[in-house]
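Student: Can we go through this one together? I'd like to start with the terms and then move to the fold.

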Amino acid sequence: MTHTLEWKLRLDLSEEEGTTKAEAVLDTGSEKLTGHGVARCNPTDVDIPSIGDELAASRAMKDVAGQLMREADREMEAAGAGPPKGPLGKPYAWTDVSS
């Protein structure tokens with residue numbers, strides 16, 4: 001059985017005085033998840049707005065991804081397929097060395 005969905009992501013960015021803020025809204029059709037991200041330019045660094053956009057946007061989308069993963073974990077556990085007991089294995093998602 002083929003199953004096709006379209007989820008929409010809206011990403012809004014705003015910058016003021018060296019601080020870029022991002023809001024990512026994922027609309028799955030049945031729910032909306034909202035993530036936020038912020039990037040600040042160090043006063044001693046050259047202000048390159050595109051870098052602030054990229055950092056704030058990626059942080060907002062990472063926030064949404066975390067919410068989506070937690071929701072999937074809750075639904076798997078409710079269906080009886082929760083996480084294994086005992087020591088944790090390798091992560092089943094990407095590794096984030098920046099956390």
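Tutor: Two strands count as paired if DSSP finds at least two bridges between them. Helices (H or I, at least four residues) and strands (E, at least two) are DSSP runs, numbered from the N terminus. This is a predicted model, where local features need pLDDT of at least 70, side-chain atom pairs count only at pLDDT 80 or more, and totals for chains, interfaces and linings use all residues. Residues are numbered from 1 along each chain as its sequence is written, and side-chain values use heavy atoms, with hydrogens and water left out.

Student: Fine. Which residue in β3 does Thr19 stand opposite?

Tutor: Arg40. β2 and β3 pair in the antiparallel sense, over nine bridges.

Student: What pattern does the chain follow along the sequence?

Tutor: The pattern is β-β-β-α, from one helix and three strands.

Student: And what is the strand order in the sheet?

Tutor: The sheet is open, with three strands in the order β1-β2-β3 and antiparallel pairing. β1 and β3 (32–40) are at the edges with a single partner strand each, so one side of each has no neighbour in the sheet. From one strand to the next the twist averages 15 degrees, with axes as lines fitted to C-alpha atoms, for helices over the stretch in contact, and angles from 0 to 180 degrees between N-to-C directions.

Student: Which strands does the helix touch?

Tutor: Helix α1 (residues 49–78) packs on the sheet and touches β1, β2 and β3. The direction of α1 makes about 145 degrees with that of β3. Contact means heavy atoms within 4.5 Å.

Student: What does Val64 contact, leaving aside neighbours within four places in sequence?

Tutor: Ala24, Leu26, Leu33, Thr34 and Gly35. Val64 also belongs to the largest nonpolar core, eight residues that include Ala22, Ala39, Ala56 and Ala60. β2, β3 and α1 each supply at least two residues of this core. Such a core is a set of buried Ala, Val, Leu, Ile, Met, Phe, Trp, Tyr and Cys residues joined through side-chain atoms within 4.5 Å.

Student: How much of the chain is buried?

Tutor: Buried residues make up 18% of the 99 residues. Buried means under 20% relative accessible area, exposed over 50%, partly exposed in between (1.4 Å probe, protein chains only).

Student: Where is Glu17, and is it buried or exposed?

Tutor: Glu17 lies in the loop between β1 (8–16) and β2 (19–27). Glu17 is exposed, with a relative accessible area of 77%.
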